[in-house]
Each structure stands twice: as C-alpha cells, then as structure tokens.
Amino acid sequence: MRRDQLAQLYGVTTKVLVQAVKRNIERFPEDFMLRLAAEEWQLLRSRIVTSNPTRGGRRYPPYAFTEQGVAMLSSVLSSPQAIAVNIQIMRAFVHLRELLTSNKELARQFAALESRLNQKFADHDDAIAAILSAIRELMNPPATKRRGIGFTAKI
C-alpha cells in the first residue's frame, strides 16, 4: 500500500505517518517496508499525476509497505483509528490461526476416512477377484475323462 492510502486508513496525515516511521525505523526491516526505485517512482508518478519535481512536490521516492509493515504501522501510530485498525488486525490473525487449525483437523479426518475407504475397497477387490476366478472356472470346465470302450486293466 502507498503511504497516503495508509495515512487515510489510520486517520493521520501523511506527514505524521512518515515521522512515525522515521522515529521507529528499527521496527521496519526490508521485508516490512521499502523505498520505490527511481523508475518505479516515475511510473507511479505518471499514474497518480503528481506535481512537477522542479516546482515543489515530492523530492524522494515514497515508501511502500508490505502486509507486515502495515501491521507494524498500526502499532506505531496512536490515533484512535490506528488503534482500532490494530485491534482488527490482531483479531484477523487469531481468526486465521483458528482457520488453519480447523483445516489441519479436517485434513487429518479426511485422510483417516480415505485410508478406511481404501482398505474397504481392497477387501472388495479381493472378493471380486475370487468371484471372477470362480466364474472363469465355471465357463471353462475341465475336460471330462471318457471311459474307454471294453475292458481295460490298470497296470
């Protein structure tokens, strides 16, 4: 998210947000916050129609925050809205953890059910194979031995 969007979300001015970040810079490692590269800033500048850099306006590329940085910002700022956002973020994390736990339990139950079904199918496969074997034997009876004509002695 861009810092102006975050400032609006937390109910503070952009200046207050930047000051809070600079005062607590140790809370924002590279994976929480980054500065846009010059070419990224130029692309963004053309999209958001900022003022001419030679006549005022931003002189430095803005910060961009990852989701962890957004969560950290909510704990650094002290406006009532920032506190409310921080509470909602914490509740969302708890809810996600609960979902992950329930999904693990559901996956475990599904795996147990699947293994029981596979065992039943294996038993059925054995029974079906025995039935098919018996049917084959009935379809191809062994040749009966014919008795020879006359008297033959078994020697």
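**Exercise 1. Find what the buried residues of α4 pack against.**

Solution. The buried residues of α4 pack against α1, α2 (14-23), β2 (63-65) and α5, where packing rests on contacts, meaning heavy atoms within 4.5 Å. Next, pick out those residues: in α4 (residues 67-76) they are Gly69, Val70, Ala71, Leu73, Ser74 and Val76. Buried here means under 20% relative accessible area, exposed means over 50%, and partly exposed is in between (1.4 Å probe, protein chains only).

A quick word on the model: it is predicted, so local features need pLDDT of at least 70, side-chain atom pairs count only at pLDDT 80 or more, and totals for chains, interfaces and linings use all residues. Residues are numbered from 1 along each chain as its sequence is written, and side-chain values use heavy atoms, with hydrogens and water left out.

**Exercise 2. List the elements of the protein in order.**

Solution. Start with the tally: five helices and two strands. These are DSSP runs numbered from the N terminus, with helices being H or I of at least four residues and strands E of at least two. Now read along from the N terminus, and you get α-α-β-α-β-α-α.

**Exercise 3. Work out how α1 packs on α5.**

Solution. First, get the geometry: α1 (residues 3-10) and α5 pack at an angle of about 95 degrees, with axes 7 Å apart. The axes are lines fitted to C-alpha atoms, for helices over the stretch in contact, and angles run from 0 to 180 degrees between N-to-C directions. Then name the arrangement: α1 is roughly perpendicular to α5, a label for angles of 65 to 115 degrees. Finally, see who makes the contact: Gln8, Leu9 and Tyr10 from α1, and Gln81, Ala82, Val85 and Ile89 from α5.

**Exercise 4. Decide whether valine 85 is buried or exposed, and find what it touches.**

Solution. Valine 85 sits in helix α5. Its relative accessible area is 16%, so valine 85 is buried. Leaving aside residues up to four places away in sequence, valine 85 touches Leu9, Tyr10 and Ser74.

Conventions. Parallel < 35°, antiparallel > 145°, perpendicular 65-115°, else oblique.
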